[in-house]
Amino acid sequence: MKAVAAGMAPFNGLSNHSRPSAVWILIIGFSAGLWAIVSLSAHGYQLRPPMAEEHNIAVHLVQGHGFRSPMDSSATAPPSAWSAPIYPLILAAAYATFGIGTPQAVTFLMLLNALCFGATAAGIYELGRLLFRSHLPGLLGAVLFGLHPLFLYFAGDFWDGMLGLSIFVWLAVGAHRIGMAAECDSRTALAQAMALGAAMGILALTNSTYGLTFPVLLAVAFWSRIRSKRWGMIGITVATCALVLAPWMIRNANAFNRAPFIRSGGGLLLWLGNGPGSDGGFSMGVLQLNHPDFNPRERY
């Protein structure tokens, strides 16, 4: 009878019997990361070194200028909120250690992207296992992600994309685990809500577009069946996220006499897609006409 009861016990994703071994997650993450390294090395990752706005901001940081306009390389360039701060800071740390744009710096950044690629694959496996209550969907998802040419290509893009994706996938795993745990024992630990909020803040400071997913993450973590403390936990999570964002937003308020949420490029993108002479895309003609990297009049 005990065996039958154990076999019929509901899946909660947190029990010792259903939780996958940490070794499996490490194997998937290591294998995907190694595959990314091999693929990027074979395709000459050094031929596409860091460039454009986040790289230019990182150069300003290394030279002691602070977060300044990526369209102006001088020390007196105006302050900028063109990009969220975390990835330019990572680029700056690599440049300060290995030199600006050196092969060693690019290799370090490639290894970081490969690590994030592996972490994303491992997170997809874990999320699939939790959602479908089976290891096979998670494994299939991780394999498809690892073989997808688009994701492999952008693993060699020295931008915030791969870092932001890995954080988001594991945030989704964490939110789902919080919801499952609360469903089983009708409570959510304060530390879990604060950790979720801090991670959401870090993600927003990496790629602010993911802020659009935060209501979904909150709904997954604190869903309607968790009645007693649901809104209190949501409030704690949102407040913690706001505390993480606060230093950057205060900096923006002081620098611009206003407070763009994280970055200030949203209006420009709408203008590029809909302004005079636009064809709705990022063609070179549109960029040369309206993008501040080509048109100095649009920088201020």
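How many of the 300 residues in the protein chain are buried? Buried residues make up 42% of them, where buried stands for under 20% relative accessible area, exposed for over 50% and partly exposed for what lies in between (1.4 Å probe, protein chains only). The model you are looking at is predicted, so local features need pLDDT of at least 70 and side-chain atom pairs count only at pLDDT 80 or more, while totals for chains, interfaces and linings use all residues. Residues are numbered from 1 along each chain as its sequence is written, and side-chain values use heavy atoms, with hydrogens and water left out.

## The chain as a whole

The secondary structure comes to 13 helices and 0 strands. Helices (H or I, at least four residues) and strands (E, at least two) are DSSP runs, numbered from the N terminus. Read along the sequence, the pattern is α-α-α-α-α-α-α-α-α-α-α-α-α. Among contacts between residues at least 6 apart in sequence, 66% join residues at least 24 apart; a contact here means heavy atoms within 4.5 Å. The protein chain exposes about 15,600 Å², and carbon and sulfur atoms supply 68% of that area. Such areas come from the Shrake-Rupley method with a 1.4 Å probe, and for residues only the protein chains shown count as cover.

Let us turn to how some of the helices meet. Axes are lines fitted to C-alpha atoms, for helices over the stretch in contact, and angles run from 0 to 180 degrees between N-to-C directions.

| Helix pair | Axis separation | Angle |
|---|---|---|
| H3 (residues 52-62) and H4 (residues 86-98) | 8 Å | about 55° |
| H5 (residues 103-132) and H6 (residues 135-147) | within 7 Å | roughly 150° |
| H9 (residues 190-206) and H11 (residues 230-256) | 7 Å | about 40° |

For orientation, angles under 35 degrees count as roughly parallel, over 145 as roughly antiparallel, 65 to 115 as roughly perpendicular and the rest as oblique. A crossing is right-handed if the near helix is turned clockwise from the far one by less than a right angle, and left-handed if anticlockwise.

H5 and H6 are therefore roughly antiparallel to each other, and H5 passes H6 in a right-handed crossing. On the H5 side the contact is made by Phe117, Thr120, Ala121, Ile124, Tyr125, Gly128, Arg129 and Phe132, and on the H6 side by His135, Pro137, Gly138, Leu139, Gly141, Ala142, Phe145 and Gly146. Sorted by class, this contact has 9 nonpolar, 6 polar and 1 charged residues. The classes work like this: Ala, Val, Leu, Ile, Met, Phe, Trp, Tyr, Cys and Pro count as nonpolar, Asp, Glu, Lys and Arg as charged, and the others, Gly among them, as polar.

H9 passes H11 in a right-handed crossing too. Residues of H9 in this contact include Leu190, Ala193, Met194 and Leu196, and those of H11 include Met233, Ile236, Thr237 and Trp248. By class, the contact of H9 with H11 has 15 nonpolar, 4 polar and no charged residues.

## H3 against H4, residue by residue

H3 and H4 are therefore oblique to each other, and their crossing is right-handed. Glu54, His55, Ile57, Ala58, Val59, Leu61 and Val62 in H3 meet Tyr87, Pro88, Leu89, Leu91, Ala92, Tyr95 and Ala96 in H4. These residues divide into 12 nonpolar, 1 polar and 1 charged.

Leu61 belongs to helix H3, and apart from neighbours within four places in sequence, Leu61 is in contact with Gly66, Phe67, Pro88, Leu89 and Ala92. Leu61 and Pro88 are 27 residues apart in sequence, with C-alpha atoms 8.3 Å apart. Val62, also found in helix H3, is partly exposed at a relative accessible area of 32%. Not counting residues up to four places away in sequence, Val62 touches Ala92, Tyr95, Ala96 and Ile100. The C-alpha atoms of Val62 and Leu91, 29 residues apart along the chain, are separated by 9.1 Å.

## Two positive phi values

Most residues other than glycine have a negative phi. Which values do Ala52 and Arg133 take? Phi of Ala52 is near 70°, and that of Arg133 is near 55°; each is a positive value in a residue other than glycine. Ala52 lies in helix H3 and is partly exposed, with a relative accessible area of 35%. Arg133 sits in the loop between H5 and H6 and counts as exposed at 57% relative accessibility.
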